Each structure stands twice: as structure tokens, then as C-alpha cells.
Amino acid sequence: MTGEWTPAARRELAEFLEARGLTRGPVTTRRIGDGHSNLTYLVSDGERQVVLRRPPPPPVPPGAHDMAREARLIGALRETEVPVPRLLATADAGQLLDVPCYVMSFAAGPVVTTRTPPPLDQPGTRRAIGYALVDTLAALHTVDWRSAGLAGLGRPTGFNERHLRRITGLVAGEDGALPAPFAPVHSWLMANIPAESGAALIHNDYRIGNVVLSAKEPGRVEAVLDWELATLGDPLFDLGYFLASVPRPGVPLTPTEEFGTALLEPGYPGREALAQRYAARTGANLAALGWHRVFALWKLAVLYDYGRRRAGRSGGDPYYREESLVRSFLHEAQAVARFEGAHEH
């Protein structure tokens, strides 16, 4: 299967779901979400709706798109304050598709990216949504991951240095040298690696486009989606990544900011207000937040460059082909690093 549903595959899906009491009879499938990684489908029998997640078509990078890990994680979070869909079923490779996949409940509500739909489009509601976003992130970072059975999800000790080295490996040549555009910010990051601010469960791709907002209770987050990159690490990295996705008026947009231009509408709190809200909720010291913002932007440049090279040589996602996407992240990372450097002296 290449990501498209053949009639035969759809029949097998219907049988799989009916055997588990999730749907009845023939089903329809529709691709949903703005992601460029794992594939997400809304599956319906005309009355009931569930969501199926599966990896993208091969080639898949080693260690990426681990469906069993993602399913385990949302299952473990079900009893916490973090809103997640309910895990309904899992299937190993060959059991339903030629790849592992899982089925979860459908979280009804809008996923906001470029425009806030009515009735959520009032300044007061937008403000509440913005704070609900950062409150949900704070709630995630206070999850007792050991009690939730997630201690094996990652190694929080030494996360900042190890994560930087891992991402560096995606762009460095065989001799370890970096392409010239990536080198200056990398040198700054290496020279200023902060000690971890704590050990928390982190989402690693947290932004407004990865949450479902509540339609019934305006200003509330219904569910957090796309957990494929979640791990244990420094919670300030998650905050820095989230803030890097929040656009600012009158400033050129990075690609992740373009996925959240609704946040420019009147009422949404800006980066500083969101950061202060997070600090008030968690008690976190934000002294190293600038480093994490730079790292988040540099990491995105590396990942987009990786996607660009894949798209060029193996027919990967054409979205990544444009080199200007990479330059956008590097430009912003350099600007933030210069600002942070100026404040260090």
C-alpha cells in the first residue's frame, strides 16, 4: 500500500474495525491533517467515526514513525490532564496493512491554522485559546511519566547536548563537517549548551496546528495530536519550539509560522505573554529559553533540509523541495542567536 486506500484494503479495514465493535459495514476513508509525516485518516461507516494513523510510504528513516510507541504514549496519557484521543486498536505490520498502524477516537472540533473559524473568532475567545495552548503544554510537562509507565520513552539526562548532536548528524557530511549555512548557529549552540531545566515528557512538535480545539467549550483544547516525536527531555525545548511557531506582526514568516497565521488575529497573546504564563503555571526559570528557541529553529532547518534532499533523490514529499524554507529557519535562528549573544555580554 502506498498511502492510498484500494477497495480491497478498505474492505479489510471495515472487517478489522467491525470485529472490534468500532464500526459496522462498509467504511469511507479521508485523509485529514496538515502534517507531512505520518498519515492520518478519518474513517466512517456513515454513523460512527474513528481515526487511523499509519507511517508514510517508504523509504522511512530508521527509528522514525514508530506507531506502537505513539499508540502506547496516547494510551498512557488518557488518565492525565493532557487531552488526547482514546486509543481503540492497534495492528502490527501485516495484520491490517503492510505497516503498523493504530486506531483512535475522533476528536470533534476545529484544527486552526490560518484562520480562526466562528464562533471562536472573538478576541476574548482567541485570548482564552492562546492561554489554553500554553496551559496544556504546562500540564504535559508536569505529567508523572514514571507513574504513567513511560520511563522507557527516552533519556532525559544530558538531553540538550545529546539531542543537538543527533540533529547535527542529519546534516553533517561523512567527515563531520557541516554545510556552511548551518555552521555559525551550530557553533553558537555548542558553545552555550545549558544544563537541563528538568526532565519531562515533551511533545517535540507542539503548535496550534497539532491540537483540536473544543467547539462545545470555546477556549478549551479538545485533544493534542501527532505524538510521533514525543520523548523525555528538557521542557524548555518544548516551550522554545512552541514559541518559535507563533508569528509576529510585520515580520517575515518561517514555514511553521505560516501553519499558524491565525495567531496574528486580534486577541491571541504574543510570545512574551505566553512565556510568562508558562512560567507562572510551572515555576520554570526561563533564563535558557533563548538557547532553546535558537535550537528549535536550527533543528527545523536541518529537518527541512533533510526533507529537501529526500524529495530530490527519492520522490519524497514535494513540499520540502524549496530551499528557501531552510533559509527561512536559518535566518531566524541567526537573528535570535545574535539577540541572545548581545544580552550575554
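Reply: We'll go through salt bridges, then cavities, then a pocket. Before that, keep in mind that this is a predicted model, where local features need pLDDT of at least 70, side-chain atom pairs count only at pLDDT 80 or more, and totals for chains, interfaces and linings use all residues. Residues are numbered from 1 along each chain as its sequence is written, and side-chain values use heavy atoms, with hydrogens and water left out.

Me: How many salt bridges does a search of the whole structure find?

Reply: The general idea is that side chains of opposite charge can pair when their charged atoms come close. Here a salt bridge means a side-chain nitrogen of Lys or Arg within 4 Å of a carboxyl oxygen of Asp or Glu. Searching the whole structure turns up 15 of them. One joins Arg48 to Asp45, at 3.1 Å from N to O.

Me: Are Arg48 and Asp45 buried or exposed?

Reply: We go by relative accessible area: under 20% is buried, over 50% is exposed, and in between is partly exposed (1.4 Å probe, protein chains only). Arg48 has 31%, so that residue is partly exposed. Asp45 has 17% and is buried.

Me: Which residue forms a salt bridge with Glu217?

Reply: That's Arg220, and the closest N and O atoms are 3.3 Å apart. Glu217 is partly exposed at 44%, and Arg220 is also in the partly exposed class, at 33%.

Me: Where do the partners Arg281 and Asp135 lie?

Reply: Their side chains meet in a salt bridge of 3.5 Å, N to O. Arg281 sits in helix α8 (residues 271-282) and Asp135 in helix α3 (residues 123-141), so the pair ties together parts that are 146 residues apart in sequence. Helices (H or I, at least four residues) and strands (E, at least two) are DSSP runs, numbered from the N terminus. Asp135 is buried, with a relative accessible area of 14%.

Me: Which residues are linked in a network of salt bridges?

Reply: Arg53, Glu70, Asp226 and Glu228 are. Remember those names for the next part.

Me: Which residues line the second largest cavity?

Reply: Among them are Arg53, Glu70 and Asp226, which also belong to the salt-bridge network. For the classes, Ala, Val, Leu, Ile, Met, Phe, Trp, Tyr, Cys and Pro count as nonpolar, Asp, Glu, Lys and Arg as charged, and the others, Gly among them, as polar.

Me: How many residues line the second largest pocket?

Reply: There are 23, with Ile32, Gly33, Thr40, Val111 and Leu225 nearest its centre. About 380 Å³ of space lies in that pocket. Strand β1 gives the largest share of the lining, 3 residues. By class, the lining divides into 10 nonpolar, 8 polar and 5 charged.

Terms used
On a 1 Å grid over the protein atoms alone, a cavity is a set of points where a 1.4 Å probe fits but cannot get out, and a pocket is an open set with protein on both sides within 12 Å along at least five of seven lines; lining residues have an atom within 4 Å of a point. Grid points are joined across faces, edges and corners, and a volume is the space filled by probe spheres set on the points.
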